[in-house]
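Here is a briefing on the fold and assembly of one model. Please keep the sequence and the 3D view open while reading.

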Number of protein chains: 2
Amino acid sequence: MSTTRHYINLTNSLFPLPGYAADGYARIKGISALVTTFGVGELSAINAIAGAYSEYVPVVHIVGTPSTLSQADGMLLHHTLGNGDFNVFSNMFRHVSCVVSMLNDPHEAATLIDNAIRECYVKSRPVYLTLPIDMVQQKVEGERLRTPIDLSFPLNEQEKENYVVDVVLKYLHVAKNPVIVVDACAIRHRVLDEVHQLAETSGSPTFVTPMGKGAVNETLPNYGGVYAGDGSRASVRDRVESSDLVLSIGSIKSDFNTAGFTYRISQLSTIDFHSTYVRVKYSEYPSVRMNGVLRKIIARMGRLNIGAGFKPNNTLPAVEPESSAQTITHAWFWPRMSQWLRPKDIVITETGTANFGIWETLFPADVTAISQVLWGSIGYATGACQGAALAAKELGINRTILFTGDGSFQLTAQELSTMIRHELKPIVFVICNDGYTIERYIHGMDAAYNDIQIWKYKDLVAVFGGVEDKTARTFQVRSKTEVEALFSDKEFSAAPFLQLVELYMPKEDAPLALKLTAEANTRNNAKA
Amino acid sequence: MSTTRHYINLTNSLFPLPGYAADGYARIKGISALVTTFGVGELSAINAIAGAYSEYVPVVHIVGTPSTLSQADGMLLHHTLGNGDFNVFSNMFRHVSCVVSMLNDPHEAATLIDNAIRECYVKSRPVYLTLPIDMVQQKVEGERLRTPIDLSFPLNEQEKENYVVDVVLKYLHVAKNPVIVVDACAIRHRVLDEVHQLAETSGSPTFVTPMGKGAVNETLPNYGGVYAGDGSRASVRDRVESSDLVLSIGSIKSDFNTAGFTYRISQLSTIDFHSTYVRVKYSEYPSVRMNGVLRKIIARMGRLNIGAGFKPNNTLPAVEPESSAQTITHAWFWPRMSQWLRPKDIVITETGTANFGIWETLFPADVTAISQVLWGSIGYATGACQGAALAAKELGINRTILFTGDGSFQLTAQELSTMIRHELKPIVFVICNDGYTIERYIHGMDAAYNDIQIWKYKDLVAVFGGVEDKTARTFQVRSKTEVEALFSDKEFSAAPFLQLVELYMPKEDAPLALKLTAEANTRNNAKA
């Protein structure tokens with residue numbers, strides 16, 4: 001009855017994505033795996049894994065290690081610190097992994113693997129497994145493969161859950177103008193079905209935070225826009241901040257997600273829904289996961305008082321007043337881009353101007369947005385794009401669209417090579433604005449350390465093996481007219497193969513939200 | 001009397017080299033500094049810092065952190081794990097730094113900085129300092145700047161040192177054919193002056209290990225070649241292994257430094273000299289640093305019996321028998337390259353074929369070799385080349401020469417851009433052999449995971465802003481004749497600006513030492 005299970009097959013069947021790519025892939029497919037070597041490989045990936053930990057992305061990190069015998073003997077092997085300590089690196093990973101297990105014993109390996117996969121998925125955070133080389137060909141009991149791993153969330157204690165639901169409904173029914181604000185953890189902890197139902201059923205004005213972009217169907221009549229304190233449009237800010245009850249779902253109130261801690265919502269008018277607790281005003285309910293609570297609220301809430309006087313901005317955003325100026329500005333580009341997007345697009349934005357610019361883009365239905373607003377590692381988006389584009393290919397999603405800056409792109413540009421190698425078809429926009437614009441706004445507008453070496457970005461495609469018009473295509477756009485022509489180009493928009501666009505924007509131009517956030521950041525740093 | 005000391009000036013005056021570059025720079029200049037940001041920046045550098053720790057390279061790592069107030073308040077800032085813990089990353093670095101200090105208090109900051117610099121230099125390992133943004137403009141007592149930091153090694157206890165010297169001399173004087181074997185720690189712990197004197201004064205056959213390459217003047221008549229167990233030439237192996245007394249200086253007997261643990265030297269005929277102890281046969285003398293011991297041995301040793309019957313291989317190595325075959329093989333290239341090298345060249349080799357091939361190159365005087373044989377992080381050499389070339393520029397050294405493989409080069413290729421930006425003039429050889437040849441020999445000669453995407457490597461120079469024949473030059477060599485022509489090209493050899501050479505070699509060709517080491521590695525992995 002037993003079948004054998006060779007771990008070499010397991011690891012080889014997982015695509016050996018680098019760290020950022022594994023993160024991007026997991027955000028599309030739900031989970032991913034990363035295979036690295038001991039020491040040098042795993043440490044090269046630790047920044048990416050820390051990002052996945054910070055932002056709740058489930059990545060199974062498998063580290064190939066020296067044999068259990070070599071480790072027991074403390075051999076002086078390459079990829080070690082030369083001190084015979086083979087646990088140094090796993091100890092580092094304990095800080096950024098929700099499970100760390102060593103597969104040193106065939107009798108427990110299968111159990112540890114199943115546990116790691118389950119914890120990874122349920123907690124939506126990285127796990128870390130070591131696979132010594134002498135374990136690769138060990139045989140283990142295969143019977144357990146007949147039982148799928150239980151990936152369901154543990155149910156809340158029902159009496160407690162019902163109590164919380166009653167408390168929430170009590171406040172919801174007396175609220176005069178409740179609003180919903182959806183943030184990153186709604187995506188990462190998988191309550192999007194509930195969020196969609198809540199937004200549709202309640203009709204309540206529904207907003208997203210920057211990290212929550214993509215969590216709400218932005219074509220809904222009651223979708224209200226992006227709320228981020230002082231970084232919001234005036235109409236959005238007024239409506240959210242004057243609400244007497246904010247249903248806050250999966251919030252992460254980080255500096256860059258709140259335009260520098262500029263929320264003006266009282267906890268006295270807030271109900272927070274999280275994966276590990278619910279908080280109603282100041283009453284905390286630990287160990288109550290939001291998913292079940294939200295489902296019951298939706299089922300029982302009936303008709304709400306949604307207030308009046310707010311017309312949600314659910315039409316395409318207004319663009320800059322037309323002028324003869326041809327310069328591509330952030331104020332013009334990001335709203336304009338809304339009309340070019342299509343349902344189901346995957347949109348990836350890099351830390352920098354793109355992550356703030358995207359606030360001004362209105363998405364069609366079913367767009368998935370990927371960004372790294374909390375961890376904010378420069379170069380992340382290009383790596384994540386590789387993984388996301390691979391996941392898109394596997395899922396039959398047509399378009400994966402990346403917006404990165406020239407400075408950021410320089411850190412992980414070789415991911416283009418991997419995309420070409422695997423025949424992925426992303427559309428890569430490189431914002432060419434001569435350096436680190438976000439850093440200029442934080443410190444040193446004209447400082448040399450914010451300048452970069454200017455590259456011929458589009459020529460990289462040929463260097464990496466792309467053949468123009470056959471397996472790839474490149475573009476340069478320097479004016480609004482050229483952007484319009486590009487967006488009207490049906491072949492471009494059809495994404496037949498990898499395409500790279502050099503998008504020229506002024507060095508000192510930035511989205512308004514970025515300027516506000518940078519100012520708040522500077523104020524915060526100046527506090528003594 | 002006091003002057004002020006602004007830390008911002010300190011950090012800005014240090015070149016913000018990425019990790020591998022900081023390592024390469026330190027190996028040439030004696031110490032270096034690396035400035036990163038909190039979280040994302042430092043974790044991107046942790047692999048490089050671990051390499052510097054493993055291989056005893058002094059790098060001062062300065063991390064710019066959020067303000068002490070933000071940290072005390074546990075603010076939810078970007079570049080954090082979102083849990084209010086600002087010590088996670090410094091705790092990781094404690095494993096790979098000999099000092100970790102937080103500059104949170106102006107009253108102790110200067111002391112902590114001086115201590116870190118001293119420990120970094122004396123222990124020859126990385127140190128880690130955090131600099132919160134609110135500390136940057138703090139004023140501190142400047143009086144201490146008038147006293148240079150004492151960077152001298154602590155003296156050994158003299159009675160103990162004399163005792164050890166007497167013991168060593170006793171064995172040395174009765175030895176019939178003593179030899180000297182010089183390894184990496186002789187370089188890293190700065191006993192090269194003593195090594196040079198010992199080799200010259202004693203006239204004893206003197207060998208280097210692979211990691212010790214460059215530690216001995218290879219034009220000395222008694223320089224014998226590279227000893228690495230079974231990876232050595234037969235004449236070298238015979239002479240070292242038949243010696244009745246091996247003076248082993250700064251050894252690191254790692255797998256790749258010993259051709260897979262194939263040393264055949266008895267501890268009964270070995271005296272080990274180290275930075276923290278001396279060991280004579282099985283007698284250990286802790287806390288006795290080799291430097292003082294070696295100086296006294298040189299002064300007192302007199303004439304040694306250096307045996308007979310060994311003719312040191314101090315002429316240029318024999319190359320492959322001349323044949324009509326034009327293929328550039330490792331067996332031909334590395335010995336041939338000896339004649340092209342010049343005194344004072346800096347030669348950097350990447351983990352892979354280059355690190356083994358260089359065993360067969362005979363150096364002119366005063367060549368500095370850089371490699372990472374113990375840590376072995378792929379992509380290291382190109383980064384290290386950037387730092388080394390910068391150090392060379394500052395020191396007026398003309399040539400920095402890099403040998404890397406195509407697979408390795410792909411990981412850190414953008415360092416070329418930094419080299420162009422800073423007008424550095426390295427000669428970069430990219431060995432184009434279609435992938436990871438060293439990995440093919442370890443596992444999977446024809447496996448797809450050892451293949452790479454083929455790039456147009458030399459075209460990267462133009463992409464990164466180099467102008468052919470004005471600020472850079474590129475070459476392709478595919479035959480022995482083309483190599484000869486290149487080496488005869490006086491302008492090429494003069495290194496007027498950055499030059500990149502695509503050097504085509506067969507996919508499955510490798511230096512003999514690599515093949516032997518890979519076989520030993522496989523045998524070791526197979527042990528149950």
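How many bridges join strand 1 of chain A to strand 2 of chain A? There are 6, and the two strands run parallel. The model is predicted: local features need pLDDT of at least 70, side-chain atom pairs count only at pLDDT 80 or more, and totals for chains, interfaces and linings use all residues. Residues are numbered from 1 along each chain as its sequence is written, chains are lettered from A and ligands numbered from 1 in the order in which they are written, and side-chain values use heavy atoms, with hydrogens and water left out.

**The two copies**

- Two copies of a chain are related by a rotation about an axis and a shift along it.

**The four-stranded sheet of chain A**

- In chain A, 4 strands form an open sheet in the order 1-2-4-3, with parallel pairing.
- Strand 1 (32-37) and strand 3 (99-102) of chain A are the edge strands, and each pairs on one side only.
- From one strand to the next, the twist averages 20°.
- Strands pair if DSSP finds at least two bridges between them.
- Helices (H or I, at least four residues) and strands (E, at least two) are DSSP runs, numbered from the N terminus.
- Strand 2 of chain A covers residues 59-65. Its residue A:Val59 is the bridge partner of A:Ser32.
- Helix 3 (residues 40-54) of chain A lies across strand 1, strand 2 and strand 4 (127-132) of chain A. Helix 3 runs at about 150° to strand 1 of chain A.
- Helix 6 (residues 106-123) of chain A lies across strand 2, strand 3 and strand 4 of chain A. Helix 6 runs at about 165° to strand 3 of chain A.
- Axes are lines fitted to C-alpha atoms, for helices over the stretch in contact, and angles run from 0 to 180 degrees between N-to-C directions.
- Contact means heavy atoms within 4.5 Å.

**The six-stranded sheet of chain B**

- In chain B, 6 strands form an open sheet in the order 13-12-14-15-17-16, again with parallel pairing.
- Strand 13 (368-370) and strand 16 (472-477) of chain B stand at the edges. Each has a single partner strand, so one side of each is left without a neighbour in the sheet.
- Neighbouring strands of this sheet are turned by 15° against each other on average, direction ignored.
- Strand 12 (residues 346-349) and strand 14 (residues 400-405) of chain B run parallel and are joined by 4 bridges.
- B:Ile346 has B:Thr400 in strand 14 of chain B as its bridge partner.
- Helix 19 (residues 480-488) of chain B packs on the sheet and touches strand 15 (427-432), strand 16 and strand 17 (498-504) of chain B. The direction of helix 19 makes about 155° with that of strand 16 of chain B.

**Helix 7 with helix 11, chain A**

- Helix 7 (residues 158-174) and helix 11 (residues 290-300) of chain A pack at an angle of about 50°, with axes 9 Å apart.
- These two helices of chain A are therefore oblique to each other. Angles under 35 degrees count as roughly parallel, over 145 as roughly antiparallel, 65 to 115 as roughly perpendicular and the rest as oblique.
- Helix 7 of chain A passes helix 11 of chain A in a right-handed crossing. A crossing is left-handed if the near helix is turned anticlockwise from the far one by less than a right angle, and right-handed if clockwise.
- Contact residues include A:Val165, A:Leu169 and A:Leu172 in helix 7 of chain A, and A:Val293 and A:Ile297 in helix 11 of chain A.
- The contact residues divide into 7 nonpolar, 4 polar and 4 charged. Ala, Val, Leu, Ile, Met, Phe, Trp, Tyr, Cys and Pro count as nonpolar, Asp, Glu, Lys and Arg as charged, and the others, Gly among them, as polar.

**Helix 2 with helix 14, chain B**

- The axes of helix 2 (residues 19-29) and helix 14 (residues 380-395) of chain B come within 6 Å and cross at roughly 40°.
- Helix 2 and helix 14 of chain B are therefore oblique, and their crossing is right-handed.
- Among the residues that meet are B:Tyr20, B:Ala21 and B:Gly24 in helix 2 of chain B, and B:Gly383, B:Ala384 and B:Gly387 in helix 14 of chain B.
- By class, this contact has 11 nonpolar, 4 polar and 4 charged residues.
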